[in-house]
Amino acid sequence: MLSIYIAAAAIGGILALIGAFAGDSGHEHTFGGDGHEIGHDHDAGHADVWIPFFSVRFWTYFAMAFGLSGLLLSTLVKQTEPTVVILASATALILGLAVSYTIRSLSRTEHTSTVTENDIVGLEGQVMVAIRDGQLGRIRVTVKGDVLDLLASCVEPKSIEAGDFVVIVDLDGDRVKVVSRESAFGSPESLNA
């Protein structure tokens, strides 16, 4: 059994190191070349079922903990074989679940560069390219600390000139719908100016 513990510890340890140094690049989204994706928050309110036993991360840490526990219990503590297998399996199960759950929780709360409707509606922006009646213009807003230039249309039957301030009232795919700041707040001057 000692060779099984050594193999499990080695395989689990190598996979854990690879996972730690490789990182996770699967969360990069781009939209319009500025490194941000704009869209509706489709995940809000949807519960998903998480089963850790289908996770490679769980089995990586399970194998590493099983091997290390088995080695320590059989060589240092000198436990008998049925006890070593039971204790090593229990330790591996607890550690595998704990690591999988912790990493999953941390990854769900990390900052995302996706701009959702909740992030953008109500923000004030400055018109960079005039918005004419029935035509698109371009506005600049600051969202989550980043400056974004967005295509915009006006919901009012009027033109908004470059340099004027607007308020975003809706997100329509990759474009925003705006009203003039004067229509929204009664003053054409920005509070941020």
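Before I start, a word on terms: I call a residue buried when its relative accessible area is under 20%, exposed when that area is over 50%, and partly exposed in between. Please keep in mind that what we are looking at is a predicted model.

Let me take helix α1 to begin with, which covers residues 2-22 and reaches 30 Å from its first C-alpha to its last, close to the 30 Å expected for its 21 residues. Within α1, the buried residues are Tyr5, Ala8, Ala9, Gly12, Gly13 and Ala16, and, seen down the helix axis, the buried residues fall within an arc of 120°, so they line one face of α1. On the other side of α1 we find Ser3, Ile11, Ile14, Leu17, Phe21 and Ala22, which are exposed.

Now to the aromatic rings, of which the structure holds six pairs. Phe58 and Phe62 form a tilted pair, at 5.8 Å centre to centre and with 35° between the planes; both lie in helix α2, residues 56-76, four residues apart, which is about one turn of the helix. Phe58 is buried, with a relative accessible area of 0%, and Phe62, at 19%, also counts as buried because the cut-off is 20%.

Trp59 and Phe62 form an edge-to-face pair, at 5.3 Å centre to centre and with 70° between the planes, and these two residues of α2 are three places apart, again about one turn. Trp59, at 44% relative accessibility, counts as partly exposed.

Finally, which residues form the aromatic cluster? Tyr5, which I listed among the buried residues of α1, forms one cluster together with Phe53, Phe58, Trp59, Phe62 and Phe66.

How values were computed. Residues numbered from 1 in each chain as written. Predicted model: local features only at pLDDT ≥ 70, side-chain atom pairs only at ≥ 80, totals over all residues. Heavy atoms only, no water. Expected span 1.5 Å × (residues − 1). Buried < 20%, exposed > 50% of the residue type's maximum accessible area, 1.4 Å probe, protein only. Arc of directions from axis to C-beta. Phe/Tyr/Trp six-rings, centres within 6.5 Å; stacked < 30°, edge-to-face > 60°.
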